[in-house]
Amino acid sequence: MEQKLYEGKAKIIYPTDNPNILLTEFKDDATAFNAQKRGTIEQKGEINCKISSVLFQLLEKQGIATHYIDQPSAKQMRVKAVTILPLEVVVRNIAAGSLCRETGLEEGTNLPFPLVEFYYKKDELGDPLLTRDRILILNLATLNQLEQLQNKALAINTHLKTFFNDCKITLVDFKLEFGLDSEQNLLLADEISPDTCRLWDQSQSEESDDRVMDKDRFRKDLGNVENAYQEVQTRILSQFKLT
Ligand code: C5P
């Protein structure tokens with residue numbers, strides 16, 4: 001294997017012979033709270049690679065441009081090389097996590113419209129919430145890119161919400177990352193997995209921790225993390241076959 005180009009908390013990026021193509025390897029390592037909590041989730045690399053591959057293909061079918069090319073092995077995804085914008089784009093349908101902590105909204109509150117929020121991808125600052133003007137002043141994106149990001153995030157939410165609902169899973173919220181290719185096209189990048197989404201099982205009772213099928217099981221020490229990730233994969237794969 002060639003020299004690593006970059007190693008993050010959950011993935012390693014390798015170069016390939018083609019400068020326009022990169023290889024992403026998904027790791028079993030799990031971190032939370034800006035890497036203050038660390039662990040491993042068995043099979044996570046393979047599961048998140050598979051789930052992300054399926055969701056990127058689903059979105060491509062709906063006309064959303066992504067960095068996805070193919071999945072050459074269980075833990076690896078070939079992707080188009082992009083320059084990642086230093087923004088985390090979070091879409092929320094239901095109040096949970098930092099939205100509840102920072103606004104006092106009760107967990108589980110249905111939001112009247114999907115909330116799109118931008119966070120600064122900067123570990124040393126703790127990934128703070130940004131405003132439109134802060135983004136422009138910091139040159140993190142142009143106004144035109146911001147509008148594109150907002151529209152793409154909302155379209156992705158519509159497609160994913162419907163698909164997860166067909167899997168009997170409620171898409172509470174999720175985080176997206178975008179990058180620019182050599183022609184300045186904005187592509188959806190990174191991953192979409194139980195590490196980056198809040199997913200609640202519709203077959204479990206409301207307000208029970210049993211419904212949690214995502215990284216909150218690891219963050220809150222709820223146990224059965226692997227089983228939950230496996231179950232998301234199983235439902236997604238069988239639903240994807242029907243699309
Ligand atoms: O923590 P918060 O409630 O703001 O997270 C919103 C959503 O974004 C959650 O689904 C969480 O898993 C995801 N997220 C992420 N990576 C981060 C921060 C949040 O995937 N660095």
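Which residues in α1 meet which residues in α6?

Mentor: This is a predicted model, in which local features need pLDDT of at least 70 and side-chain atom pairs count only at pLDDT 80 or more, while totals for chains, interfaces and linings use all residues. Residues are numbered from 1 along each chain as its sequence is written.

From α1, the residues in the contact are Lys-44, Ile-47, Lys-50, Ile-51, Val-54 and Leu-58. They meet Tyr-229, Gln-230, Val-232, Gln-233, Ile-236, Leu-237 and Phe-240 in α6 (contact: C-beta atoms, placed from the backbone, within 7 Å). By class, this contact holds nine nonpolar residues, two polar and two charged (nonpolar: Ala, Val, Leu, Ile, Met, Phe, Trp, Tyr, Cys and Pro; charged: Asp, Glu, Lys and Arg; polar: the others, Gly among them).

Helix α1 covers residues 44–61 and helix α6 residues 225–242 (helices: DSSP runs of H or I, at least four residues; strands: E, at least two; both numbered from the N terminus). Their axes come within 10 Å and cross at roughly 30° (axes: lines fitted to C-alpha atoms, for helices over the stretch in contact; angles: 0 to 180 degrees between N-to-C directions). The angle is why α1 counts as roughly parallel to α6 (under 35 degrees; over 145 is roughly antiparallel, 65 to 115 roughly perpendicular, the rest oblique). The crossing of the two is left-handed (near helix turned anticlockwise from the far one by less than a right angle; clockwise is right-handed).

α1 also packs against helix α4, residues 143–166, at an angle of about 120° with the axes 10 Å apart. α1 is therefore oblique to α4, and the crossing is right-handed. Here Leu-55, Leu-58 and Leu-59 of α1 meet Ile-156, His-159, Leu-160 and Phe-163 of α4. That contact divides into six nonpolar residues, one polar and no charged. Leu-58 takes part in the contact with α6 and in the contact with α4.

Now the domains. The chain is assigned domain 1 (6–80) and domain 2 (83–224) (bounds from an automatic or database domain assignment), and their C-alpha centres lie 17 Å apart. Domain 1 gives 19 residues to the contact and domain 2 gives 22. On the domain 1 side, β4 (29–32) and α1 are the elements with two or more residues. α1 gives the most to that side, with six residues. The domain 1 side as a whole has ten nonpolar, eight polar and one charged residues.

Definitions and conventions: Contact = placed C-beta atoms within 7 Å.
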